[in-house]
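Hi there,

Here is the structure I promised to pass on.

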Amino acid sequence: MTPEERFEAIIAAEEKIEPPDWMPDAYRNTLIRQIAQHAHSEIIGMQPEGNWISRAPTLHRKAILMAKVQDEAGHGLYLYSAAETLGVKRDELQTLLHQGKHKYSSIFNYPTLSWADIGTIGWLVDGAAITNQVMLTRCSYGPYARAMVRICKEESFHQRQGYESLIALCSGSPQQKAMAQDALDRWWWPSLMMFGPHDTDSTHTEQSMEWKIKRVSNDDLRQQFVDMTVPQADYLGLTIPDPELRWNEERGHYDFGEIDWDEFWAVVKGNGPMNRDRVDHKVAAWDEGSWVREAALAHAAKRAESAA
Amino acid sequence: MTYDVPVAPGESAVVEERAELSAETWPMWEVFVRARRGIAHVHIGSLHAADAETALQNARDVYTRRGEGASLWVVRSSEVHAFEPEEISDFVDANEKPYRLATTYDIPDEVGHM
C-alpha cells in the first residue's frame with residue numbers, strides 16, 4: 001500500500017489521520033490555514049468581550065465574563081497546539097497574523113457598543129460557533145477533532161450564560177429590553193455571515209468535504225442555526241431583524257432573507273469597523289509582553305545553571 | 001462558525017510563506033492529566049513554557065479549570081520518542097500470531113464460562 005492509498009483508506013474508514021502519518025501537502029496546508037484562523041479567532045475574540053470586563057453590571061457577571069475570556073485564551077492555545085502538530089510553530093502563525101497575512105473570523109471586526117452585546121455574543125456568536133464546532137469534532141484530523149471536543153464543552157457555558165443574561169435584560173425595564181433588541185439588530189446578520197459564502201460560491205468546501213475536514217456545508221449549517229435560534233428569540237420576546245423570516249411548512253425550515261454580501265466581502269477584505277484596531281491591539285500586546293518572554297527564558301537558564 | 005475565512009476574489013487560499021522568528025521561543029511540553037484517582041494519566045495536549053515549573057502552572061490553568069484533574073504531568077516534547085508510522089504498521093497490520101488471542105480457542109459449552 002502506498003502512503004497515499006493508506007491515507008485514503010484511513011479517511012474512507014472514518015478513522016483519524018494523526019500527526020506522524022503521511023498526508024497530501026494540500027491537506028496539511030488546508031488544515032494549517034483553517035486551524036490557525038480558528039486559533040486567531042479565539043485570541044482576537046477576547047478583545048470585544050474584554051472591552052466590557054471593567055463595566056460589567058454586577059460582580060457575578062464580571063466573574064463570568066473573566067472566566068469566559070480566559071476560556072477563549074485556552075481555546076486559542078488548544079488550537080495553536082493542534083496546528084503545531086502539522087509542523088508549524090505557534091509564534092510563526094502569530095507573526096503571520098500580526099503581518100496581516102493570516103485572518104480571523106470577521107465577526108470580531110464588529111464593535112461591542114453596549115452591555116447587551118455581551119449577552120448577544122454568547123447567545124448568537126457562540127451559538128453559531130457551536131453549530132460549526134460540533135461538526136468539527138468529527139473532523140478527519142485527530143488533534144483538531146480532539147481540541148474541538150474540549151472546546152465544545154466550554155462553549156456550552158458561553159452560550160448559556162449569554163442567553164441567561166439576555167433573559168435578565170428582557171425581563172427588566174423597557175430600556176433594558178430595548179438595549180437587548182438593539183444588540184440583536186446589530187448582531188443578527190453578522191452572525192449569519194459567520195457560516196461563510198453560499199455553497200455555490202465557496203471555493204474550498206468541496207475538497208474539504210471529501211477529506212472529511214468539513215462535514216456539513218455552509219448553507220446547511222446556517223439553516224440549522226436559524227432553525228435553532230428563532231424560537232429562542234421568540235422566548236425572549238425579541239424580533240429578528242429580517243422581514244422575510246417565516247416558517248416554511250413544506251420545507252420544515254425557516255425561510256430567511258439574503259445576507260448583504262457586499263458588507264460580507266468588505267469585512268473579509270479588512271474594511272470592517274474594527275479590523276485595524278483588533279490587529280493593532282494584538283501586536284501591541286505581543287510587543288509589550290516580549291520582556292516577560294525573555295525574562296522567563298533567562299530565569300530558566302539561570303536556574304538550570306545553578307542546579308547543574 | 002466558519003473559522004475557515006473565505007478567500008476574497010484575488011486572494012490566495014493558502015499562505016505558503018513561512019514567517020521568520022526574531023526571538024528564541026519557549027520550548028514545548030506535553031501535558032498528561034489523571035482525571036481522578038484510580039486511573040492512568042492521559043495525554044491531553046501541549047503548551048509552551050520556559051521551564052517545568054511554569055509549564056505545570058500553565059497546564060493547571062489551561063487544562064484543569066473545571067476540576068478535570070487530580071494530578072498533572074508535563075514532559076518536554078523533545079523527550080518523547082516514538083516509532084515512525086510505517087514501523088508501527090509492520091506489527092499492527094500483520095497479526096501473524098492469532099494463537100495469542102483467547103478467542104481463538106474452542107471450549108465446549110458444557111465447560112461453562114471460562
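In which loop of chain A is Lys212(A) found? The answer is the loop between helix H9 (205-210) and helix H10 (218-236) of chain A; helices here are DSSP runs of H or I with at least four residues, strands are runs of E with at least two, and both are numbered from the N terminus. Before going further, please keep in mind that this is a predicted model, where local features need pLDDT of at least 70, side-chain atom pairs count only at pLDDT 80 or more, and totals for chains, interfaces and linings use all residues. Residues are numbered from 1 along each chain as its sequence is written, chains are lettered from A and ligands numbered from 1 in the order in which they are written, and side-chain values use heavy atoms, with hydrogens and water left out.

Back to Lys212(A): this residue is not a glycine, yet has a positive phi of about 60 degrees. Its relative accessibility is 18%, so it counts as buried (under 20% relative accessible area is buried, over 50% exposed and in between partly exposed, using a 1.4 Å probe and protein chains only). Glu14(A), also not a glycine, has a positive phi of about 65 degrees. You will find Glu14(A) in the loop between helix H1 (3-12) and helix H2 (25-44) of chain A, and it is partly exposed at 46%.

Now for the place where the chains meet. Chain B gives 40 residues to the contact and chain A gives 59, with contact meaning heavy atoms within 4.5 Å. Together they bury about 4,200 Å², 56% of it on carbon and sulfur atoms; this is the accessible area (1.4 Å probe) that the two parts lose on being put together, summed over both. Six salt bridges run between chain B and chain A, each being a side-chain nitrogen of Lys or Arg within 4 Å of a carboxyl oxygen of Asp or Glu. On the chain B side, strand S2 (42-48), helix H1 (52-63) and helix H2 (85-93) each supply at least two of the residues that touch chain A.

Asp71(A) lies in helix H4 of chain A and Arg66(B) in the loop between H1 and strand S3 (71-76) of chain B, so the pair joins two chains. Asp71(A) is buried at 1% relative accessibility, whereas Arg66(B) is partly exposed at 38%.

Over all chains, the search finds 19 salt bridges. One of them pairs Asp126(A) with Lys68(A), the closest N and O atoms being 2.9 Å apart. Asp126(A) is in helix H6 (residues 115-136) and Lys68(A) in helix H4 of chain A, so the pair ties together parts that are 58 residues apart in sequence. Both count as buried, Asp126(A) at 5% and Lys68(A) at 0%. Shared partners join Glu49(A), Lys68(A), Glu72(A) and Asp126(A) into one salt-bridge network.

Lastly, Phe7(A), Trp22(A), Tyr27(A) and Trp211(A) form one aromatic cluster; rings of Phe, Tyr and Trp (its six-membered ring) pair if their centres lie within 6.5 Å, and planes under 30 degrees apart count as stacked, over 60 as edge-to-face and the rest as tilted.

Best wishes
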